[in-house]
Amino acid sequence: MPNALGWLVRALVERGELDAAEEALRESPFGEELPNMLTFTNLLHAHGQLLVAQGKTREGLELFLEVRRRIEPLGPDNVNAVGSGF
């Protein structure tokens, strides 16, 4: 389910529906701190995209760096674990 929510947030951001994307995140059952599990990296990255789209560039970049930190130990073949890669 976190991966599906990540794709929903990405789609809403790309459509310019930032309020709807924020609401989807807010209403999710996952809370503020996402577990350090591969299944949550897409959602974390999507949240970063939303923050950047909202003009919160620093916060968004911090999430992107956290995603990178989480997937880096998996090796270079896994950078696409986030969906869009780096």
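Student: Read along the sequence, what pattern does the chain follow?

Tutor: The pattern is α-α-α-α. The chain has four helices and zero strands; helices (H or I, at least four residues) and strands (E, at least two) are DSSP runs, numbered from the N terminus. This is a predicted model, in which local features need pLDDT of at least 70 and side-chain atom pairs count only at pLDDT 80 or more, while totals for chains, interfaces and linings use all residues. Residues are numbered from 1 along each chain as its sequence is written, and side-chain values use heavy atoms, with hydrogens and water left out.

Student: How are two packed helices described?

Tutor: By the angle between their axes and the distance between the axes. Axes are lines fitted to C-alpha atoms, for helices over the stretch in contact, and angles run from 0 to 180 degrees between N-to-C directions. Here, helix α1 (residues 2-14) and helix α3 (residues 41-53) have axes that come within 8 Å and cross at roughly 20°. α1 and α3 are therefore roughly parallel to each other; angles under 35 degrees count as roughly parallel, over 145 as roughly antiparallel, 65 to 115 as roughly perpendicular and the rest as oblique.

Student: Which residues of α1 and α3 make the contact?

Tutor: Contact means heavy atoms within 4.5 Å. On α1 the residues include Leu5, Trp7, Val9 and Arg10, and on α3 they include Leu43, Ala46 and Leu50. By class, this contact of α1 with α3 has nine nonpolar, five polar and one charged residues. Ala, Val, Leu, Ile, Met, Phe, Trp, Tyr, Cys and Pro count as nonpolar, Asp, Glu, Lys and Arg as charged, and the others, Gly among them, as polar.

Student: Is Arg10 buried or exposed?

Tutor: Buried means under 20% relative accessible area, exposed over 50%, partly exposed in between (1.4 Å probe, protein chains only). Arg10 lies in helix α1 and, at 6% relative accessibility, counts as buried. Arg10 and Ala46 are 36 residues apart in sequence and 5.4 Å apart in space, C-alpha to C-alpha. Of the 86 residues of the chain, 36% count as buried.

Student: At what angle do the axes of α3 and α4 cross?

Tutor: The axes of α3 and helix α4 (residues 57-71) cross at roughly 160° and come within 7 Å. That makes α3 roughly antiparallel to α4. Among the residues that meet are Leu44, Leu51 and Val52 in α3, and Leu61, Phe64 and Val67 in α4. The contact of α3 with α4 divides into eight nonpolar, seven polar and three charged residues.
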